[in-house]
Amino acid sequence: MTREEAQMLAQAFLAANGSPNSVGINPQGFGGVALGDAQLYFEWHDKEQTLECSALIHRFRDTPKPGILEGFQDEQKKGTDTGGGTVDFEPENKSLFLSRTYTTAPQIPIFNDDMKRLMKASVEWSSTVLNRVADRVFGR
């Protein structure tokens, strides 16, 4: 995938969702949008020539307690709907995402549907799955 293709995908998704004049991905390789309860981020990885799309599940105040991240990974392994993404913890901002990486550019309608599925799943994980994992890990 080229940066231009990644830019086009991000711009097309944002235009279809109320931001027709968005740059899509900024010069540093980042972009994003909040739609309803979902937050979606785009990150262009120049070295790998990939577009990473991440829908926020939860932003932790501190490093997650032991067992929390494993609990989310277990949910993924059990087949809980991830919207086509994978559980992804980013330690630098203490955030948990459902992320999907593209190495080739899909058609815009497919990409838009993928992003909608990813965001829908992240909202479900943020509400239902987060509580289920916390109950299991902390024995609530």
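The following questions and answers look at the pockets and helix contacts of a predicted model.

Visitor: Which element gives the most to the lining of the largest pocket?
Guide: The largest pocket, with a volume of about 300 Å³, is lined by 14 residues, and His-58, Phe-60, Arg-61, Pro-64 and Lys-65 are those that lie nearest its centre. At least two residues of this lining come from each of strand 3 (50–59), helix 2 (68–78) and helix 3 (108–138). The element that gives the most, with four residues, is helix 3.

Visitor: How many residues in the lining of the largest pocket are nonpolar?
Guide: Sorted by class, this lining of the largest pocket has four charged residues and two polar ones. The number of nonpolar residues in the lining is eight.

Visitor: Which strands give two or more residues to the lining of the second largest pocket?
Guide: The second largest pocket holds about 230 Å³ of space, and among the 13 residues that line it, Phe-30, Tyr-41, Glu-43, Asn-93 and Phe-97 lie nearest its centre. The elements that give two or more residues to this lining are strand 1 (30–35), strand 2 (38–45), strand 3 and strand 4 (86–90).

Visitor: How many residues in the lining of the second largest pocket are charged?
Guide: In the lining of the second largest pocket, four residues are nonpolar and three are polar. The number of charged residues there is six.

Visitor: Is helix 1 roughly parallel or roughly perpendicular to helix 3?
Guide: The axes of helix 1 (residues 3–16) and helix 3 come within 10 Å of one another, and they cross at roughly 65°. Angles of 65 to 115 degrees count as roughly perpendicular. Helix 1 is therefore, in its relation to helix 3, roughly perpendicular.

Visitor: How many residues of the contact of helix 1 with helix 3 are nonpolar?
Guide: Helix 1 passes helix 3 in a right-handed crossing, and the contact includes Met-8, Leu-9 and Phe-13 of helix 1 as well as Ile-108, Phe-111 and Met-115 of helix 3. Of the residues in this contact, one is polar and one is charged, while the number that are nonpolar is ten.

Visitor: Is helix 2 oblique or roughly perpendicular to helix 3?
Guide: Helix 2 and helix 3 pack with their axes 9 Å apart, at an angle of about 120°. Because roughly perpendicular covers 65 to 115 degrees and roughly antiparallel begins over 145, an angle between these ranges counts as oblique. Helix 2 is, relative to helix 3, therefore oblique.

Visitor: How many residues of the contact of helix 2 with helix 3 are charged?
Guide: The crossing of helix 2 and helix 3 is right-handed, and among the residues that make the contact are Ile-68, Phe-72 and Glu-75 of helix 2 together with Trp-125, Val-129 and Arg-132 of helix 3. The contact residues divide into eight nonpolar and two polar, and the number that are charged is four.

Methods
Residues are numbered from 1 along each chain as its sequence is written. This is a predicted model: local features need pLDDT of at least 70, side-chain atom pairs count only at pLDDT 80 or more; totals for chains, interfaces and linings use all residues. Side-chain values use heavy atoms; hydrogens and water are left out. On a 1 Å grid over the protein atoms alone, a cavity is a set of points where a 1.4 Å probe fits but cannot get out, and a pocket is an open set with protein on both sides within 12 Å along at least five of seven lines; lining residues have an atom within 4 Å of a point. Grid points are joined across faces, edges and corners, and a volume is the space filled by probe spheres set on the points. Ala, Val, Leu, Ile, Met, Phe, Trp, Tyr, Cys and Pro count as nonpolar, Asp, Glu, Lys and Arg as charged, and the others, Gly among them, as polar. Axes are lines fitted to C-alpha atoms, for helices over the stretch in contact, and angles run from 0 to 180 degrees between N-to-C directions. Angles under 35 degrees count as roughly parallel, over 145 as roughly antiparallel, 65 to 115 as roughly perpendicular and the rest as oblique. A crossing is left-handed if the near helix is turned anticlockwise from the far one by less than a right angle, and right-handed if clockwise. Contact means heavy atoms within 4.5 Å.
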